[in-house]
Amino acid sequence: MNKEAKYKLITFLFSIIPITMIIGQAVSLINIILISVFIIIEIARSKEFNFLNNASFILLITIYFYLLFNTLISLDSGISLLRNFGFLRFIFLFVAINYFFYIYKNQNPLFKIWSVVILIVIVDSFIEYIFGKNILGFGEEYGERIVSFFKDEPIVAGYLNGFFFLILGYLFNSKNSENNKIFVACIILSLVFLICISLTGERSNTIKAVMGLSIFFFLNNKLKIKHRVITLIFMIVTVVTIISSSDYLKNRYYDHIIYPIINEDNREKFLNNNIYIKHYKSGYAVYRNYPMFGVGNKNYRIETNNNRFTKKDYFPDTHPHQIYLEFLSEHGLIGTLFLLSIIFFLIFRNIKSCIISKNSLQLGAFSFLVINFVPILPSGAFFSDFNITLFFLNFSIFLACNPSSNIF
């Protein structure tokens, strides 16, 4: 197979990642495996093994060995084994993306296809909001919550967050000082994205979207300071206007959260009955009972379901719906400090070169990575297939798209 054919094949496999994530976990897994196998063969043929000594790669391998250790000390090793062992595929994906950016300098076809896919999902979400169901007929069972192509899971906002910042960064990378059309297009797309995210009814992801865009535009030194400030204010006003104009959204934001907190008569009832506070109390209770190494990855469900009647504050579910409490309950204080220290080190040590190089694609990935770790806000399980795929996709591109941080 010649170089052009190889480029087309690997570009195709990368291009369909957002589509495979919509189709389902199994298809997404197969695609990641195909990408990994193809790239490993290419690396072996080219004998490009210098990445094995790269600090970023070594630290990811260190995380992997920690996760294998975590399996051994889990309450139920069989439950955590597949998740922890399967983490290896994301290291392969990380290497594959870095190699792709290192060998092939033209990623335009990849990001163009991603842009089309994400635009279709956004349009489909608007259709569901207007007509009550999307183009495939999904959405009626969730009422006013938007599910789009995900059928029975209201995760479309998290999905859009995972890809939009990369697309926005890609578009900004093509902007120069004389090309204001790109800037205008980016602003319009950002507003459409924010409106769509707000209408999904996913409160946490809407707040994260606003924060992510704020980080992206605030740190984007391709723009004048006044343009950054005006853009941020305009976006915040847009979200507030959208929420205020919808009785459903006002109910979700104001009646369910703000009013019970500021109203003294309802505050105690809110603190005792709010489902997320129950999750948080439960996550902290599990951590308190297993403070050093936690119950083990994916074992929160085992601990809370088996002891829901005997241990105070336990609220049975798959995870505590908050990233720090998930880490603390399943990995304990030692595991949490170990994991987050490595992750934060790998992310924040490269932000300076990102800003200096004016690499907007890297800045877009950084913006998404940061909003994953916002305190207090609810979140999905970090190590679940859906969330960790989005995280590693952004993390890999964050390092890969800048020659100073690419592991090759």
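Predicted model: local features only at pLDDT ≥ 70, side-chain atom pairs only at ≥ 80, totals over all residues.
The buried residues I listed for α3 are Ser-28, Asn-31, Ile-32, Ile-35, Ser-36, Phe-38, Ile-39, Glu-42 and Ile-43. I noted their spacing against the general rule that an α-helix has 3.6 residues a turn, so residues three or four places apart point the same way.

For the length of α3, I found 22 residues and a reach of 32 Å from the first C-alpha to the last, close to the 32 Å expected at 1.5 Å a residue. After α3 comes Lys-47, where I read a positive phi, near 55°.

I then turned to the second largest pocket, whose volume is about 340 Å³. I found α3 (25–46) in its lining, where α5 (77–85), α6 (88–103) and α19 (385–400) also each supply at least two residues. Of the 18 lining residues, Leu-29, Leu-82, Gly-86, Phe-87 and Arg-89 lie nearest the centre of the pocket. By class, I recorded 11 nonpolar, 3 polar and 4 charged residues in this lining.

Last, I checked for disulfides and found 0 in the structure. Cys-401 is in none, and the nearest cysteine sulfur to its own, that of Cys-354, is 7.3 Å away. I count Cys-401 as buried because its relative accessibility is 14%, under the 20% cut-off. For Cys-196, the closest cysteine sulfur is in Cys-186 at 17 Å, so the two are too far apart for a bond. Cys-196 also counts as buried, because its relative accessibility is 2%.

Conventions:
Residues numbered from 1 in each chain as written. Heavy atoms only, no water. 1 Å grid on protein atoms, 1.4 Å probe; cavity = no way out; pocket = protein on both sides within 12 Å on 5 of 7 lines; lining within 4 Å. Points joined across faces, edges and corners; volume = space filled by probe spheres on them. Helix = DSSP H or I, 4+ residues; strand = E, 2+ residues; numbered from the N terminus. Nonpolar A, V, L, I, M, F, W, Y, C, P; charged D, E, K, R; others polar. Disulfide = S-S within 2.5 Å. Buried < 20%, exposed > 50% of the residue type's maximum accessible area, 1.4 Å probe, protein only. Expected span 1.5 Å × (residues − 1).
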